[in-house]
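Colleague: Before I use the labels in your description, I would like to hear what each one rests on.
Modeller: Here is the model, and then we can go through them.

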Amino acid sequence: MIFILKIILCSSLLIAVYYLFMQKEKMYAFNRFYLIFSLLFSYTVPFISIKSETPKPSNRFQTTIEATQDVLDLSSGQESFNPINLIWIIYGTVTLVLLTKTIFTILKIKKIKGEKIIYKNQAVVLADENISPFSFCNTIYLGKNHLINNQIDPRIFLHEKSHIDQKHSIDLLFIEILKIFTWFNHSL
């Protein structure tokens with residue numbers, strides 16, 4: 001539980017720095033790097049511990065007595081209900097449901113029906129249904145209503161092409177995976 005609080009505290013501090021000092025800056029590549037680094041840092045730092053204790057001298061007689069007591073304590077007691085196991089079962093179930101949902105969403109994107117074309121050296125799927133333009137991996141998806149006189153609005157095309165060139169799909173998948181495994185942090 002303490003790890004979760006450390007993650008929340010660390011990520012809150014780093015996002016506060018972003019909002020205070022960098023949000024309005026037009027350094028998009030740096031801002032992107034900072035935000036991804038902030039997530040990685042926030043989820044890594046709580047698990048790092050630095051200990052500077054000096055080891056206690058070992059008393060062999062004391063150690064032997066403790067080991068003997070540990071062996072004798074292995075009595076065949078009856079298993080009791082452990083609420084931690086229930087928490088792990090709930091966590092695992094919700095995580096599995098979210099992971100399954102994400103996989104189905106990705107498969108749904110890949111199965112969008114429409115005409116596949118190459119437009120200005122870029123893979124484009126012109127969907128049969130009217131969908132808003134978006135990009136995923138190396139493909140731009142948009143409804144056929146966005147193709148006028150065999151041309152895609154240059155603003156839309158350049159916007160989606162920049163997402164592809166900057167590999168934003170990787171960022172989105174990374175964030176989605178974090179959200180899947182830390183859903184409890186996002187649902188509070």
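This is a predicted model: local features need pLDDT of at least 70, side-chain atom pairs count only at pLDDT 80 or more; totals for chains, interfaces and linings use all residues.

Colleague: How many aromatic pairs does the structure hold?
Modeller: There are eight. Rings of Phe, Tyr and Trp (its six-membered ring) pair if their centres lie within 6.5 Å; planes under 30 degrees apart are stacked, over 60 edge-to-face, and the rest tilted.

Colleague: What makes the pair of Y18 and Y19 edge-to-face?
Modeller: The ring centres of Y18 and Y19 are 5.5 Å apart and the planes stand at 70 degrees, so the pair is edge-to-face.

Colleague: Why is the pair of Y18 and Y34 called stacked?
Modeller: For Y18 and Y34 the centres are 6.4 Å apart and the planes are at 15 degrees, so this pair is stacked. Y18, Y19 and Y34 form one aromatic cluster.

Colleague: Why does Y18 count as buried?
Modeller: Buried means under 20% relative accessible area, exposed over 50%, and partly exposed in between (1.4 Å probe, protein chains only). Y18 has 12%, so it counts as buried. Y19, with 48%, is partly exposed, while Y34 is buried.

Colleague: Why are helix 1 and helix 2 called roughly antiparallel?
Modeller: Helices (H or I, at least four residues) and strands (E, at least two) are DSSP runs, numbered from the N terminus. Axes are lines fitted to C-alpha atoms, for helices over the stretch in contact (heavy atoms within 4.5 Å), and angles run from 0 to 180 degrees between N-to-C directions. Under 35 degrees is roughly parallel, over 145 roughly antiparallel, 65 to 115 roughly perpendicular, and the rest oblique. The axes of helix 1 and helix 2 cross at roughly 165 degrees and come within 8 Å; the two helices are therefore roughly antiparallel. Among the residues that meet are Y18 in helix 1 and Y34 in helix 2.

Colleague: Which are the edge strands of the sheet, and what makes them so?
Modeller: The open sheet has four strands in the order 1-2-4-3, with mixed pairing. Two strands pair if DSSP finds at least two bridges between them. Strand 1 (114–119) and strand 3 (134–136) each pair on one side only, and these are the edge strands.

Methods. Residues are numbered from 1 along each chain as its sequence is written. Side-chain values use heavy atoms; hydrogens and water are left out.
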